[in-house]
Amino acid sequence: MKSNLTILFKMILITMIILNLPMPKVITETTATESEEVSTQKNDKSIYIYNTHQSEKYATNSVKEGSQYLMQLLQQKGYSVDYETTDFELYKTTNNIDYSYSYTVSKKYLSVALSNHGTYDLVIDFHRDSIDKSLSTLTYNNKSYAKLMFVVGKGSENYEAVNTRCETLSEMLNSKVDGLCRGVYLKKNDYNQGVTDNMLLIEVGANENTYEEVQNSLQVFATVIDEYLNL
């Protein structure tokens, strides 16, 4: 009986989160509450980038800044890129929503973005890992990189498509810089990958990596994305 009540409570809480979310903003961030529309380069291919865990930080800078740098690199290659800057963390704090419900919050905005825009050629949930720097850093040709890793949810109905894409991208990354990608980590959860099969979750470095190391890796990643979407 107690177990059933717990499940019912969680279902009610998730419903309340979804129904009370503020309107999504695909914008260029200025402050937590004031922003202006993002300027994108129109192309026949489009990409949506967001951070389920917006509070994740590196030794310097944050995953949000890393995401915006990736956005700029892709725009320079001619892609239309939407970056989600609605403040998930502020909303969770204001409404006393536990961190464990972060994917419920980001799923709502992902779904709205897809509804407003239509299908994206690629959707990226940008994270960073929490491991020792010796494990998250690569030195290649006298240049330091933040290692990358893809996370794929086996609980998603799109598991096979997402996993195949991530395996391909992992191989392409390592063909550019040997050892840059740590591979594909399979987990039992969904990670919102059931929303669209054009999805990937990437861990870019870890908490001790410098922003320069992150940028070096993202330059390679942007090149690989461009090559992948033009196969």
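This is a predicted model: local features need pLDDT of at least 70, side-chain atom pairs count only at pLDDT 80 or more; totals for chains, interfaces and linings use all residues.

Visitor: How many helices and strands does the chain come to?
Guide: There are 7 helices and 10 strands. Those are DSSP runs numbered from the N terminus: H or I, at least four residues, for helices, and E, at least two, for strands.

Visitor: And how much of the chain is buried?
Guide: Of the 231 residues, 50% are buried. Buried means under 20% relative accessible area, exposed means over 50%, and partly exposed is in between, using a 1.4 Å probe and protein chains only.

Visitor: What share of the contacts comes from residues 24 or more positions apart?
Guide: Such residues make up 81% of the chain's contacts with a separation of 6 or more. A contact means heavy atoms within 4.5 Å.

Visitor: OK, helices. At what angle do α2 and α7 cross?
Guide: Helix α2 (residues 63-76) and helix α7 (residues 211-229) cross at roughly 40°, and their axes come within 9 Å. The axes are lines fitted to C-alpha atoms, for helices over the stretch in contact, and angles run from 0 to 180 degrees between N-to-C directions. The two helices are therefore oblique to each other. For angles, under 35 degrees is roughly parallel, over 145 roughly antiparallel, 65 to 115 roughly perpendicular, and the rest oblique.

Visitor: Which residues of α2 and α7 make the contact?
Guide: On the α2 side, E65, G66, Y69, L70, L73 and L74 take part, and on the α7 side Y211, Q215, L218, Q219, F221, A222 and I225. By class, that's 9 nonpolar, 3 polar and 1 charged residues. Ala, Val, Leu, Ile, Met, Phe, Trp, Tyr, Cys and Pro count as nonpolar, Asp, Glu, Lys and Arg as charged, and the others, Gly among them, as polar.

Visitor: What about α6 and α7?
Guide: Their axes come within 10 Å and cross at roughly 125°. That makes α6 oblique to α7. In the contact, R165, T168, L169, M172, L173 and K176 of α6 meet V220, F221, T223, V224, E227 and Y228 of α7.

Visitor: Switching topic: how many salt bridges are there?
Guide: The count comes to 4, where a salt bridge is a side-chain nitrogen of Lys or Arg within 4 Å of a carboxyl oxygen of Asp or Glu.

Visitor: Which residue does E227 pair with?
Guide: E227 forms a salt bridge with K176, with the closest N and O atoms 2.7 Å apart. E227 lies in helix α7 and K176 in helix α6 (residues 159-176), so the pair ties together parts 51 residues apart in sequence.

Visitor: And what does R182 pair with?
Guide: R182 has a salt bridge with D129, the closest N and O atoms being 3.0 Å apart. R182 is in strand β9 (residues 181-187) and D129 in strand β5 (residues 122-129), 53 residues apart.

Visitor: Is D129 buried or exposed?
Guide: D129 counts as buried, at 14% relative accessibility, and R182 is partly exposed at 33%.

Note on methods:
Residues are numbered from 1 along each chain as its sequence is written. Side-chain values use heavy atoms; hydrogens and water are left out.
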